[in-house]
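Student: I've got a structure open and I'd like to learn how to read it. Can we go through it together?

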Amino acid sequence: MAPTRRTSRDIRSESRLDVLHALLTAGETTRNELARTTGLSTATVATVVSDLLSRGIVTEARVASGRVGRPTTLLRLNQDRGRIVGVDVAETYIRAVVFDAALDEVAAAEVPADERHAGTEEVVDGVARAVDAALAQAGTHRHDVLGVGVSLPGSMQRWGANSPVMPNAARHHVDRHHVDRLRERLDLPIVIDNPLKAIATAELWFGQGRRHASTITVNLGTGVGAGIILNGAILRGATNFAGEWGHSLLALDGRECRCGRRGCVEAYVGASGLQQTLAAVDPAHPLASVPLQRDFIGALAAALEPPGPDPAVTETIQRTARYLGAALADLVAIVNPETITLTGWTVWALGDHLVPAVRRSVVEEAPGDSAADLEVEVSTVRGNSVATGIATIALERFLSDVGLVTTRVPTAL
């Protein structure tokens, strides 16, 4: 297939996105500073700002007086343009977060999900209840909502087909009928994507993607996956399935994974994998039989605290760091990123104990000098990175709908 030709409209679209990125980073800034930051000409920035001002996306914040010269007008994103909702549908919870149009969090609500028994109907109902609760918490009327982004695990390209990653998880088999029902229930514009693209988007707009062109952000929770940014763009693949690194092979004929294969990365570094490792270290350990994953990870973190960290839990973390480091070293060999960031509720609970050991393991396992200058750290994206990323995708969708963006936007469903 021949490469898609970039039109002048696409170039203007990318210039608008560059300016929006710079405004998000700066908070308040001037036209001249935007030109310096983005590398765009002052004339291009003036045109882009004029477009964004006319649509109410950007506003003139105030006039700043310098020591010399004329006063300068400061610009910022217009927080009052509307509200965006990001919904993180996870195995153990459904969380809805309301953001203003500058993507600052306004309010949030969460409803529990049964990680053992959850069908599509329950997911649709849970999303609707979480969104309703978050909007009520924010005091936001529906007519002020510019869009809702919903993150659902798995590929969203083949409606009604079984997910090759989660063949036994009915909750991920959302078809057109259920999306239509969700749209009717919410009565709001919806865009759907998977969590790996959401965390990559969050990292691109708010994290290491601001200063690195090639970044991998890894999500650790019940599931495991990688959002990949190459040369400033999110890697999606032919069917939007890129990044399912959690189901690449770590151990031949290893542990059974919930996808049906054996030896997947997720079977060793997902929440269930950590519990299996603890059981291997100490079969009689009381935490090895904790039934719910979030309770288990929380208890694991508590067992690592002073004055006396649990020896079996400490060994579990060390083994997990080796598993994760080896699996990340494979990604480093293939992608050669500048930085790897870790996110997800397992990382939020265990990051201080896990990340230093993972960093050492990646450097030891990566081939040659591929990891010599690699940064490995907890993502700096604030709050729930999946909700933040999917809300950003919903904002991009809104910008597309009003004609400001033509590129890098997923299809609205």
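Student: What percentage of the 413 residues in the chain is buried?

Tutor: Keep in mind that this is a predicted model. Buried residues make up 54% of the 413 in the chain. As for secondary structure, the chain has twelve helices and twelve strands. Contacts between residues 24 or more positions apart account for 63% of those with a separation of 6 or more.

Student: Which residues of α1 are buried, and what do they pack against?

Tutor: The buried set is D10, S13, S15, R16, L17, V19, L20, H21, A22, L23 and L24. These buried residues pack against the helices α2, α3, α6 and α12, plus the strands β1 and β2.

Student: How do I describe two helices that pack together?

Tutor: You give the angle between their axes and the distance between the axes. Take α1 (residues 8–26) and α6 (residues 195–206): their axes come within 9 Å and cross at roughly 70°. That makes α1 roughly perpendicular to α6.

Student: Which residues of α1 and α6 meet?

Tutor: From α1 you have L17, L20, H21 and L24, and from α6 L204, W205 and F206. Sorted by class, this contact of α1 with α6 has six nonpolar residues, one polar and no charged ones.

Student: And at what angle do α1 and α2 pack?

Tutor: About 110°, with the axes of α1 and α2 10 Å apart. The two helices are therefore roughly perpendicular to each other. On the α1 side the contact uses D18, V19, A22 and L23, and on the α2 side L34, T37 and T38. By class, α1 with α2 comes to four nonpolar, two polar and one charged residues.

Student: Now sheets. What holds the strands together?

Tutor: Strands of a sheet pair through backbone hydrogen bonds, either parallel or antiparallel. Here, five strands form an open sheet with mixed pairing, in the order β10-β9-β8-β11-β12.

Student: Which strands stand at the edges?

Tutor: β10 (233–234) and β12 (375–378) do, each with a single partner strand, so one side of each has no neighbour in the sheet. Look at how β12 pairs: four bridges join it to β11 (residues 339–343), and the two run parallel. Within that pair, I340 stands opposite V376 in β12. Helix α10 (residues 311–335) packs on the sheet, touching β8, β9 and β11, and its direction makes about 150° with that of β8.

Student: How about single residues? Is T392 buried or exposed?

Tutor: Check the relative accessible area: under 20% counts as buried. T392 has 1%, so it is buried. You'll find T392 in helix α12. Leaving out residues up to four places away in sequence, T392 touches L103, T201, W205 and F206.

Student: Where does D114 lie?

Tutor: D114 sits in the loop between β5 and α4. At 32% relative accessibility, D114 counts as partly exposed.

Note on methods. Residues numbered from 1 in each chain as written. Predicted model: local features only at pLDDT ≥ 70, side-chain atom pairs only at ≥ 80, totals over all residues. Heavy atoms only, no water. Axes fitted to C-alpha atoms, helices over the stretch in contact; angles between N-to-C directions. Parallel < 35°, antiparallel > 145°, perpendicular 65-115°, else oblique. Contact = heavy atoms within 4.5 Å. Nonpolar A, V, L, I, M, F, W, Y, C, P; charged D, E, K, R; others polar. Pairing = 2+ DSSP bridges. Buried < 20%, exposed > 50% of the residue type's maximum accessible area, 1.4 Å probe, protein only.
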